[in-house]
Amino acid sequence: MTWDAYNRRKETLRDMLAIADLQRDVTLTELLDTVDGAREAFANETELLFDLQMTWFQRLSGQMDRLVTEGVEAPELMAVTAWVNAAAEMPGARTLLDAHSTEPALRKARVKEHSFLAASAGVPMDHPDLTGHGRRIMDSARESVAVAAPIDREIEPHAEPHTGLIARLRSVIAA
């Protein structure tokens with residue numbers, strides 16, 4: 001794929017996500033049929049799903065990185081918060097991915113997402129039910145999405161200052 005084709009594909013995906021954010025009942029076929037250049041950018045619904053999943057995972061990973069940088073100490077809360085925030089920022093993508101959650105082509109991506117959530121929540125990578133833990137974290141996050149807004153990283157208004165690695169490094173550098 002050339003850089004021009006790559007950039008056109010990403011721009012088309014952004015257009016599709018903007019529509020999906022506004023019209024939560026839109027289907028992949030409708031997106032492919034109505035967005036200019038969509039059929040040229042994506043050969044089929046599976047290709048579109050792969051790009052949707054990758055874009056979602058990048059956003060989720062970015063949320064996780066942000067929360068780590070901010071020093072969120074409770075790993076499971078961090079994983080749930082990252083998922084909720086990503087879902088609030090990308091509601092159309094999340095709706096489309098959920099509608100196709102049983103798609104065999106996405107099985108490997110779902111397993112990786114569940115494993116990522118579990119590992120981020122502190123579950124050891126060699127745990128025999130790593131993906132099961134990840135699914136439970138995702139279910140917990142979905143229950144939190146009923147509010148449909150990013151949740152704040154602080155649980156208690158009088159919480160102790162963060163003492164995570166990044167916070168300690170900042171204090172050393174500032175000294």
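User: I'd like to learn to read this model through its contacts. Which residues does Met 138 touch, leaving aside those up to four places away in sequence?

Analyst: Met 138 touches Trp 83, Glu 113, His 114 and Leu 117 once residues up to four places away are set aside. Keep in mind that this is a predicted model. Met 138 itself sits in helix 8, residues 130-144.

User: Is Met 138 buried or exposed?

Analyst: The general idea is a cut-off: buried means under 20% relative accessible area. Met 138 has 5% relative accessibility, so Met 138 counts as buried.

User: Before going on, how should I read the confidence? Where is confidence lowest, and where is it highest?

Analyst: Start with the average: the protein has a mean pLDDT of 85, and 83% of the residues score at least 70. Helix 9 (residues 165-174) has the lowest confidence, with a mean of 52, while helix 2 (residues 28-34) has the highest, at 96. Over residues 147-165 the pLDDT is below 50, and this stretch has 21 contacts in the model beyond near neighbours in sequence.

User: Now the helices. What describes two packed helices?

Analyst: Two packed helices are described by the angle between their axes and the distance between those axes. Take helix 4 (residues 45-70) and helix 7 (residues 107-120): they pack at about 5°, with axes 11 Å apart. Angles under 35 degrees count as roughly parallel, and that makes helix 4 roughly parallel to helix 7. From helix 4 the contact uses Gln 53, Trp 56, Phe 57, Leu 60, Ser 61 and Met 64; helix 7 brings Ala 109, Lys 112, Glu 113, Phe 116, Leu 117 and Ser 120. Those residues divide into seven nonpolar, three polar and two charged.

User: And how do helix 1 and helix 6 pack; what are their angle and axis distance?

Analyst: Helix 1 and helix 6 (residues 91-99) pack at about 85°, with their axes 7 Å apart. The two are therefore roughly perpendicular to each other. In this contact, Leu 17, Ala 20 and Asp 21 of helix 1 meet Pro 91, Gly 92, Ala 93 and Leu 96 of helix 6. By class, the contact residues are five nonpolar, one polar and one charged.

User: How many aromatic pairs does a search of the whole structure find?

Analyst: The search finds three aromatic pairs. One of them is Trp 3 with Tyr 6, an edge-to-face pair at 5.6 Å centre to centre and 85° between the planes. Both residues lie in helix 1 (residues 3-22), three residues apart, about one turn of the helix. Trp 3 is exposed at a relative accessible area of 67%, and Tyr 6 is partly exposed at 35%.
Another is Trp 56 with Trp 83, edge-to-face at 5.6 Å centre to centre with 70° between the planes. This pair links distant parts of the chain, with Trp 56 in helix 4 and Trp 83 in helix 5 (residues 75-89), 27 residues apart.

User: Why do Trp 56 and Trp 83 count as buried?

Analyst: Use the same cut-off, under 20% relative accessible area. Trp 56 counts as buried because its relative accessibility is 0%, and Trp 83 because its relative accessible area is 2%.

Notes. Residues numbered from 1 in each chain as written. Predicted model: local features only at pLDDT ≥ 70, side-chain atom pairs only at ≥ 80, totals over all residues. Heavy atoms only, no water. Helix = DSSP H or I, 4+ residues; strand = E, 2+ residues; numbered from the N terminus. pLDDT = per-residue confidence, 0-100. Contact = heavy atoms within 4.5 Å. Axes fitted to C-alpha atoms, helices over the stretch in contact; angles between N-to-C directions. Parallel < 35°, antiparallel > 145°, perpendicular 65-115°, else oblique. Nonpolar A, V, L, I, M, F, W, Y, C, P; charged D, E, K, R; others polar. Phe/Tyr/Trp six-rings, centres within 6.5 Å; stacked < 30°, edge-to-face > 60°. Buried < 20%, exposed > 50% of the residue type's maximum accessible area, 1.4 Å probe, protein only.
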